[in-house]
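Morning, everyone. Please bring up the model on your screens. I'll walk through a few local features.

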Amino acid sequence: MTAHSGVRRLARSFLQIVPSVGDEARGRDLEEAWTAFCRDMDGAVQTALDASRTPPEIAYAVGEIVHNYFRARGVTLTSRELRGIVAELVAPSAPAPDPDELTAMVSFASSAAGTSLWTGGEAADAGPARVEVSLPPARSPLVERLEPHEAGVDRLLPRVVAAALRTVDGLSRAAALSALRGIVDAETGAAAGEWPSEARERLALMALSEVSGLGLIDRLWSDRSIQAVYVNGPKAVFVERAGILTPAAETFSDEAHVMRLLVRLARGVREGVVEIRLRDGGSGTIVFPPAAPAGPVAVIRRGDPADATFARLIASELIDRRSADVLRIAARSHLKIAVSGPRGSGRTALLVALARDLGDLRVVTVAGHRSFRHPSPTKVELAATAGGPASLVETARRLRPDVLIFDGVPSQALPEGGTAIVAALDAAERWPADLTIRLGRATDGLYRVLGLQDASGADLRTGQIGRPSFADAVEAAGYGAAWSRLFA
């Protein structure tokens, strides 16, 4: 795919890209939305045109941006229109393809393939017969097929929470969770075969968060690609990603639901204006009635990744204390460490916290962002130029570091060794690391460290690893006793 020089420079109108859009009024709405998109969304599209992604991944990312922007302006695109716009954005220098031929690139089962929306009152135009070819399930929520138990969460969660509010008040966390498991088993009884044990456990944990934690706010905040959450009302919840505001995938059930969770967030205060500080470095403002006469409103903003510390990441439960100590010892023992997980899982925050924790060691970081901004004179930050982070790998090595930290460098461009190397990698990347820190979603939907594997694949978190494959390096660096205490 060929990246273009900017959305603002696209000269073709919407009707030139997709000639037939139905009635004239809808055509005007589409043209106005497309003009505004070209003006506002240049940065978002350029970010999506990431050379490290495969063409299908780029198509899905751009398609999601387009869909959300048009939907926010009250315009729903057909499948054919969306495919045409995606083709225009990802390959404008090539001859304009027929949007119908892009079916294999983006297929949305919930949209009609015709040129106008079918409301059900008129006969649908079947158009020419063709076989719709879909890509394997992608990250975009637009094309995710839900299993029966996933589709039933929205229906069952309020019922489980309502039952829990009557029965678990005053119980310890362990006792409350046990009671919730019983409620979930009762609610899913008739459909138990469609609800695997992991799904029932996740529903119980989600309900526990609703009755003793922050519920929906917890679930939104667990997505680390979200920089801010805006609560304007029970059904008006928005999230900010890369500076773009979009409706949240979930909303509150009613005003009482909003009030219950925001009062909990405000530590019991239920009137006036409350400023809050989160344990992970985030902050927020909550406004209760009567200052907010239509009901409580709130904004919660994530702290700068540059401020991440192990203490804050432990408090936010991204990583536990022992895993943080394993990472500390491994870096000081000159191991090759992979921090593996999907984007938005907390990889960058973990690298920033490690860099800050390494004291006076000479640390050189290479990334495509400015999240490190080291406060120590012994730390050096290299930010990506036009050539990308990989172009700075050899430069970083020549700066004679004790520890090299890479974020956004492809695994094939990483150096062989010679010093401690810590690299953030996508979950699918393979690199011969001595230690792999694996991030992912836990059963409650929150991102956490899920595994610590040595080169043989044995998991240190099980406590049954015995002697890890890198034990000699740890002992040679003088940390053998400290390591033994961790797993005593």
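Start at Thr 365, in strand E8, residues 363-367. Helices (H or I, at least four residues) and strands (E, at least two) are DSSP runs, numbered from the N terminus. A word on the source: this is a predicted model, where local features need pLDDT of at least 70, side-chain atom pairs count only at pLDDT 80 or more, and totals for chains, interfaces and linings use all residues. Residues are numbered from 1 along each chain as its sequence is written, and side-chain values use heavy atoms, with hydrogens and water left out.

Is Thr 365 buried or exposed? Buried, because its relative accessibility is 0%. Buried means under 20% relative accessible area, exposed over 50%, partly exposed in between, with a 1.4 Å probe and protein chains only. Which residues does Thr 365 touch, leaving out those up to four places away in sequence? Phe 372, His 374, Val 380, Glu 381, Leu 382 and Ile 405. Contact means heavy atoms within 4.5 Å.

Next, the open sheet. Six strands, antiparallel pairing, order E3-E2-E1-E6-E5-E4. Two strands pair if DSSP finds at least two bridges between them. E3 (244-247) and E4 (273-277) are the edge strands; each has a single partner, so one side of each lacks a neighbour in the sheet. From one strand to the next, the twist averages 15°.

Look at E4. It runs antiparallel to E5 (residues 283-287), joined by five bridges. Ile 276 sits opposite Gly 284 in E5, and Arg 277 opposite Ser 283. Side chains alternate along E4: Val 274 and Ile 276 point to one face and are buried.

Helix H11 (residues 255-265) lies across E1 (228-233), E4, E5 and E6 (297-301). Its angle to E6 is about 50°. Axes are lines fitted to C-alpha atoms, for helices over the stretch in contact; angles run from 0 to 180 degrees between N-to-C directions.

Last, a helix pair. H8 (residues 173-187) and H9 (residues 197-212) pack at about 125°, axes 9 Å apart. The contact includes Leu 177, Leu 180 and Val 184 of H8, and Leu 203, Ala 204 and Leu 208 of H9. How many of the contact residues are nonpolar, polar or charged? Nine nonpolar, no polar, five charged. Here Ala, Val, Leu, Ile, Met, Phe, Trp, Tyr, Cys and Pro count as nonpolar, Asp, Glu, Lys and Arg as charged, and the others, Gly among them, as polar.
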